[in-house]
Amino acid sequence: MSNYKINTKCVQSGYTPGNGQPRQIPIIQSTTFKYATSEDMGKLFDLEASGYFYTRLQNPTNDMVAAKICDMEGGTAAMLTSSGQAANFYAVFNIANCGDHVVASSTIYGGTYNLFHVTMRKMGIDFTFVSPDCSREELDAAFRPNTKAVFGETIANPALTVLDIEKFAAAAHAHGVPLIVDNTFATPVNCRPFEWGCDIVTHSTTKYMDGHGAGVGGCIVDSGRFDWMAYADRFPGLTTPDDSYHGITYAEKFGQGGAFITKCTAQLMRDFGSIQSPQNAFLLNLGLESLHVRMPRHCENGLAVAEFLKNHPKISFVTYPGLEGDKYYELARKYMPNGTCGVVSFGFQGGRTAAEAFMKHLKLAAIETHVADARTCCLHPASATHRQMNDQELAAAGITPDLVRLSCGIEDAGDLIADIAQALEQI
Ligand SMILES: *Cc1c(COP(=O)(O)O)cnc(C)c1O
């Protein structure tokens, strides 16, 4: 990890060209890599030498971008995935298998909730969902002997709850398991969960990191701080020989800093193949180069819009963790003193009908299944991303039928507010 500030890491980490080499990271658009002898290649397959042989496992462009995100988060190892969904699936499945159990915050992103609650249950992994506001006692009660991880989101999408990372990390560590935090909304510019005790960070890079709606992607970063060997019986995948990889014991061969990501690459990426294309990794890197410049503007615009909506007679509630008086304001101040994100949620006196009418009248903010983009966009979760949930599940996820999620872009705040004001006038 370099000692530079986050602003410098966004621009320069991950790639330092040598004499006469390209200034921008090269796109290695190649599925495969050439070797002189079969012995040379054999060493790579045995993980005896490091090098590239097939892009499904690793690609130099992807690795440069992963190294940048790793440095931004303050981790020891990282890998890119084809999407945020793949990142969260891999991060959990790397340590929790059939017969295991995971504790997760109930307010997580709808896609992640579905992945855990439906698809991963089919794989024999059980989940207990707890409120992010639960007491330490309630949190402790959720653990079982077969619990392998705790999962939450720094700022939940779209509920905008703020995770008390220290509380969740303390509980996870007391039960001998790592805390995995999806840091998509805060980004390492506004919060670095490792500094608060989190062990593994995931990202949907599709959001602020890309920032321009150009490429779907994900990332997993390891803090290198979780001692797998101290709980060897609980994590046999990391602490006993992998027969599918020539009897390697990851925690021994790659140490605490490298075991998690090496296993995730050698087993899960090999078998599931959710690799990011090098072309998309290049685009992601362009986004990262300006992330530290864009995030403050997203936050500024989010706060301005939240303050405008707060006192509007047609609005029933505003949720924005950066807004004074918000339920999560104090937690946000603690974990994200420089700002939270650009996403604001709010509801209407006129209920669901008013929410839908309002969205139709917006001109600058486009209706999209997207968030955290340079261009302002909005979504009605109850009829889109969270459509499959019943009212009870919606409530547990912190979503009401009239909730609109507005993702403030980096346009002029006055223009955004004027657009919202004219749409409100028409309902
Ligand atoms: C969008 C999102 C995901 C899923 O990421 P994709 O890149 O769309 O697969 C996961 N977590 C959070 C918090 C998200 O906002």
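Author: The model is a predicted one. Its largest nonpolar core has 105 residues, and those with the most contacts inside it are I220 and W228. The largest share of this core, seven residues, comes from helix α11 (residues 255–272).

Reader: What makes a set of residues a nonpolar core?

Author: The members must be buried residues of nonpolar kinds, among them Ala, Ile and Trp, joined through side-chain atoms within 4.5 Å. A second, separate core of 25 residues includes A355, A365, I420 and A423.

Reader: Which residues are in contact with W228, leaving aside its neighbours within four places in sequence?

Author: With those neighbours set aside, W228 is in contact with I95, P178, I200, F235, L238, T239, A251, Q256, A259 and F260. Contact here means heavy atoms within 4.5 Å.

Reader: Why is A372 called buried?

Author: The relative accessibility of A372 is 0%, and buried means under 20%; A372 therefore counts as buried. A372 is placed in the loop between β10 (366–367) and β11 (377–379). Its phi is near 65 degrees, a positive value in a residue other than glycine.

Reader: Where is H246 placed, and why does H246 count as exposed?

Author: H246 lies in the loop between α9 (236–239) and α10 (250–253). Its relative accessibility is 53%, and the term exposed requires over 50%, so H246 counts as exposed.

Reader: Why is V118 called partly exposed?

Author: V118, in helix α5 (residues 110–122), has 31% relative accessibility. That class lies between the limits of 20% and 50%, and V118 therefore counts as partly exposed.

Reader: How do you know whether the radius of gyration of the protein chain agrees with that of a compact globule?

Author: For 427 residues, a compact globule would have a radius of gyration near 22 Å. The protein chain has 22 Å, so the value agrees. Buried residues make up 56% of the 427 residues.

Methods: Residues numbered from 1 in each chain as written. Predicted model: local features only at pLDDT ≥ 70, side-chain atom pairs only at ≥ 80, totals over all residues. Heavy atoms only, no water. Helix = DSSP H or I, 4+ residues; strand = E, 2+ residues; numbered from the N terminus. Buried < 20%, exposed > 50% of the residue type's maximum accessible area, 1.4 Å probe, protein only. Rg over C-alpha atoms; globule rule 2.2 N^0.38 Å.
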